[in-house]
Amino acid sequence: MRRRNKLALLPKSPLLITESADEFNALRDAFEQEIKPRGIIEQMYVHDISSIAWEILRLRRCKAVIINAAFRRALENLLKQLLRAPGQYEYDVEDEAQTLAHAWFTDQEAKNQVSEILTRFDLDESAIEAEAIRGSSSDLELLDRMLTSLESRRKKALGCVAEYRASLAHQLRETADRIIDGKGVVRLEDATSKRSTAA
């Protein structure tokens, strides 16, 4: 019940419709176990750190998806270059390249045929990866900039937890010192004499 009240004060989990709330909660729980937040301020820092870490994981996952999604076009581009005989134009082999690139994903015979074509030019399937990465480079560069920014924010947020704890510890030490020195509390005999005078 107490945990639910604490979570009600925090922003909603930053999830896309394809993402799992259970997985995000597991990540946040792992950060909570590691940081052991004391109070709502540290709880907010933990939530922020968890959200940033979740975004980092999402963007890293997206990098692979962007490259995978570019495979068909990359293979088509490669095949247009490799199938073309001297004196031929790209449009002469465009239909064959498109058909073969499309079939490569589901048809073993097409996969073997592509492999043979690549081998003729001392290439293998890593050439498709390279072409997919090259074709996606501007998107990947943008993701890298976003990741750098998020990693910087995560580092600052972790630093804020340490800074907050150090500041709180300093305040608590000062308060404890005042109490011990008798400057921060009313002495019992003073309080008693004030009451008896008033009577």
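Which helices do the buried residues of α8 pack against? In this predicted model, the buried residues of α8 pack against α2 (21–35), α3 (40–69) and α7, where buried means under 20% relative accessible area, computed with a 1.4 Å probe on protein chains only, and where contact means heavy atoms within 4.5 Å. Residues are numbered from 1 along each chain as its sequence is written, and because the model is predicted, local features need pLDDT of at least 70 and side-chain atom pairs count only at pLDDT 80 or more, whereas totals for chains, interfaces and linings use all residues. Side-chain values use heavy atoms, with hydrogens and water left out. Helices are DSSP runs (H or I, at least four residues), numbered from the N terminus.

**Helix α8**

- Helix α8 covers residues 137–181, and its 45 residues should span 66 Å at 1.5 Å a residue, which agrees with the 65 Å between its end C-alpha atoms; the expected span is 1.5 Å times one less than the number of residues.
- The buried residues of this helix are Leu140, Leu143, Leu147, Leu150, Ala157 and Val161.
- An α-helix has 3.6 residues a turn, so residues three or four places apart point the same way.
- Just after α8, Gly182 takes a positive phi of about 85°.

**Nonpolar cores**

- A nonpolar core is a set of buried Ala, Val, Leu, Ile, Met, Phe, Trp, Tyr and Cys residues joined through side-chain atoms within 4.5 Å, and in the largest one, which has 23 residues, Leu75, Leu79, Val114 and Ile128 touch the most other members.
- Two or more residues of this core come from each of α4 (71–83), α5 (90–103), α6 (108–120) and α7 (126–135), with α4 giving the most, 7 residues.
- Leaving aside residues up to four places away in sequence, Ile128 touches Phe71, Ala74, Leu75, Leu78, Trp104 and Leu118.
- A second, separate core has 6 residues, including Ile52, Leu59, Leu143 and Leu147.

**Crossing of α5 and α6**

- The axes of α5 and α6, which are lines fitted to C-alpha atoms over the stretch in contact, come within 8 Å and cross at roughly 120°, with angles running from 0 to 180 degrees between N-to-C directions.
- The contact is made by Glu96, Leu100 and Ala103 of α5 together with Ala110, Gln113, Val114 and Ile117 of α6.

**Ala127**

- Ala127 is found in helix α7 and is buried, with a relative accessible area of 12%.
- Ala127 and Leu78 are 49 residues apart in sequence and 8.2 Å apart in space, C-alpha to C-alpha.

Terms used:
Buried means under 20% relative accessible area, exposed over 50%, partly exposed in between (1.4 Å probe, protein chains only).
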